[in-house]
Structure formats: structure tokens, C-alpha cells
Amino acid sequence: MQKIKQDETFGLGENLKKLRKRKNYTQEQVSAKLELYGIDISRVTYNKMEKNYYSIRVKELLALKEIFNCEFADFFEDLTLDHDSKEK
């Protein structure tokens, strides 16, 4: 299964947190909902997703899209690549 690699300064974490709070879910509730999709992720691991310390699997992102009832674009909202940081 492919993963979306995050790093501490650039990732989906803030948007995951926004989406979770929009639904008034706790991290524990999101973890429990992921289990319903056959994805065994603890609250601690989900917390790592929100802090950009965890590389998210595509299957996990698909489940989170369903849980948050959102579009894929919502995970990437406000993420832009600084032109100076592009590889030359």
C-alpha cells in the first residue's frame, strides 16, 4: 500500500485536525471509526498523523475521507509549495 510521506513542517496534519474538529470528533472517536474500516490505528498513532509524524497510507486517507465526509482537496487545503524550495 502506498503512503503519503509527511514531514514536521509540511503535511496534512493541520487539515486533519480541522476536519476532525468540524465533525466534533475526538481523536479516540476517529480511531474507533477507522477500525470500522478495518484500519487498526490507535489514538496515539492518529495524533501522530495530526502532527505530521506519520506517513498516511492511501487506504487510511480513503477511510478518513468517508469519516469526515469531505473531498480529497480538503486534506490539501492551504498547502502550497514555496517556489524557492522546488528542486532545480
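Predicted model: local features only at pLDDT ≥ 70, side-chain atom pairs only at ≥ 80, totals over all residues.
**Entry 1**

Residues are numbered from 1 along each chain as its sequence is written, and side-chain values use heavy atoms, with hydrogens and water left out.

How many salt bridges does the structure hold? I noted four of them; the term stands for a side-chain nitrogen of Lys or Arg within 4 Å of a carboxyl oxygen of Asp or Glu. In one of them, Lys18 pairs with Asp78, with the closest N and O atoms 3.6 Å apart. This pair links distant parts of the chain, since Lys18 is in helix 1 and Asp78 in the segment after helix 5, 60 residues apart. Helices here are DSSP runs of H or I with at least four residues, strands are runs of E with at least two, and both are numbered from the N terminus. I also checked Asp78 itself, which is exposed at 65% relative accessibility.

Next I turned to Arg20 and Glu50, whose salt bridge has its closest N and O atoms 2.6 Å apart. Arg20 lies in helix 1 and Glu50 in helix 3, so the pair ties together parts that are 30 residues apart in sequence. Are these two buried or exposed? Arg20 is buried, at a relative accessible area of 8%, and Glu50 is buried too, at 9%.

Glu60 and Arg57 also meet through their side chains in a salt bridge, at 3.4 Å from N to O. Here I found Glu60 buried, with a relative accessible area of 4%, and Arg57 partly exposed, with 31%. As a reminder to myself, side chains of opposite charge can pair when their charged atoms come close.

**Entry 1: the chain as a whole**

I stepped back to see the whole chain, which has five helices and two strands. Along the sequence I read the pattern β-α-α-α-β-α-α. Of the 88 residues in the protein chain, 35% are buried. I then looked at contacts (heavy atoms within 4.5 Å). Among the contacts with a separation of 6 or more, 65% are between residues 24 or more positions apart.

**Entry 2: the nonpolar core**

Which residues have the most contacts inside the largest nonpolar core? I listed Leu16, Leu34, Tyr46, Met49, Leu64, Phe68 and Phe75, in a core of 19 residues. By such a core I mean a set of buried Ala, Val, Leu, Ile, Met, Phe, Trp, Tyr and Cys residues joined through side-chain atoms within 4.5 Å. Helix 1 (13–22), helix 2 (27–36), helix 3 (43–50) and helix 4 (58–68) are the elements that give two or more residues to this core. Helix 4 supplies the largest share, five residues.

**Entry 3: Asn15**

I found Asn15 in helix 1, where Asn15 counts as buried at 4% relative accessibility. A polar atom of the Asn15 side chain lies 3.0 Å from the backbone oxygen of Phe75. Leaving aside neighbours within four places in sequence, Asn15 is in contact with Asp74, Phe75, Phe76, Glu77 and Leu79.

Last, I visited Phe72 in helix 5 (residues 72–75), which is partly exposed at a relative accessible area of 35%. Not counting residues up to four places away in sequence, Phe72 touches Leu61, Leu62 and Lys65. Phe72 and Leu62 are ten residues apart in sequence, and 8.5 Å apart from C-alpha to C-alpha.

Note on methods. Buried < 20%, exposed > 50% of the residue type's maximum accessible area, 1.4 Å probe, protein only. Polar contact = N/O pair within 3.5 Å; in protein donor to acceptor, adjacent residues only side chain to side chain.
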